[in-house]
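Hello,

Here is the structure I promised to pass on to you. Please have a look at it, and then read my notes below.

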Amino acid sequence: MNEYTIITGASSGIGYELAHQLAAKKHNLILVARSQDKLESLQSKLKQKFGIEVLYLLYDLSEPNAAQDLYNEVKAHKYLVTGLINNAGFGEYGDFVEMPLKKDEEMIAVNITALVGLTKLFGADMVKLGKGRIMNVASILSFLPFPYYSIYSATKSFVLAFTETVSAELQGSGVSLTALCPGTVETPFHTDSMRKTNAMSANKPMPAAVVAEVGVELFLNGKGKKIVGFMNWFLSNLPRVTPDILMMKIKKNLASIKK
Ligand SMILES: NC(=O)c1ccc[n+]([C@@H]2O[C@H](COP(=O)([O-])OP(=O)(O)OC[C@H]3O[C@@H](n4cnc5c(N)ncnc54)[C@H](OP(=O)(O)O)[C@@H]3O)[C@@H](O)[C@H]2O)c1
């Protein structure tokens, strides 16, 4: 029976590159996102180039019950899922009090609720099977909550905390749970305002393919968390040796629009 790895957010950016690199290693894939045209074209490219099984499922992961519905669809088709990469996510930039509540809620739904649901449902099956790999895409903001990215940073702190604790529970089950923590990556994730912040000029965005390479290695070795790149590792560890007041000033400056 064919085994599949699900990649959420495979239509663009890091997810798109992860799909290419896992396909090159002959992993059969189930691609998930909302953009049918992009998933269709990725599906035919990967099938042709690598001769693997590639399916796609259209889901808006901000919708209530999205994780359960996706799981039910996969089970109804009897696809055997032994890999899951929770990569879909988005961020918003701006003053917390001015952001529409609906956007905050959608971000929490995609970045947290769907990720937790998919990890639980597919994770439980993998534990029964005695094997499987799950990787969640967090961020360096998991360690460095930034002003003007308040909800986004908080969702990514959640992802890291959740991944570390459940990963400890899964030890010895044959199922690995890891967290990939990129810094800024060159993808359509960034809005025009995000691109104008000091952080974007201070820390050059990494190519998505490079981040995906680190991600594939982490996913396959199944060990712990990985901060991508030395500068991002340094920044993530800065709060350990910097007083809170100074750290928040630094972060506020980095998150501000360049004058
Ligand atoms: N870029 C960065 O600087 C950076 C840094 C650290 C962490 N990350 C994280 O990396 C992950 C991938 O981001 P990226 O940079 O590759 O961004 P991206 O190019 O914008 O890709 C985001 C992916 O998520 C999918 N997605 C977004 N909302 C969705 C929804 N409601 N339902 C289903 N799918 C949805 C998008 O697909 P559709 O639009 O087709 O639905 C797309 O495939 C995210 O979790 C992000 O937080 C990014």
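**Strand 6 and its neighbours**

Strand 5 (residues 132-137) and strand 6 run parallel and are joined by six bridges. Strands pair here if DSSP finds at least two bridges between them. Helices (H or I, at least four residues) and strands (E, at least two) are DSSP runs, numbered from the N terminus. Between strand 5 and strand 6 the chain passes through helix 5 (residues 150-169), a right-handed β-α-β crossover: with the strands pointing away from the viewer, the path from the first strand over the helix to the second runs clockwise. Within this pairing, Gly132 has Val175 as its bridge partner in strand 6.

A word on the model itself: it is predicted, local features need pLDDT of at least 70, side-chain atom pairs count only at pLDDT 80 or more, and totals for chains, interfaces and linings use all residues. Residues are numbered from 1 along each chain as its sequence is written.

Strand 6 is also joined to strand 9 (residues 225-227) by three bridges, and these two run parallel. There, Ala179 stands opposite Lys225.

How much of strand 6 (residues 175-181) is buried? Seven of its seven residues are, where buried means that 20 or more other C-beta atoms, placed from the backbone, lie within 10 Å of a residue's own. Val175, Leu177, Ala179 and Cys181 cover one side, with Ser176, Thr178 and Leu180 on the other.

**Around the ligand**

Among the 29 residues around the ligand, Gly9, Gly13, Arg34, Ser35 and Gly89 come nearest; a residue counts as near if its C-beta atom, placed from the backbone, lies within 6 Å. Helix 1 (residues 13-24) gives the most to this shell, with three residues.

Best wishes

Terms used
A residue is buried if 20 or more other C-beta atoms lie within 10 Å of its own, exposed if 12 or fewer, and partly exposed in between; C-beta atoms are placed from the backbone.
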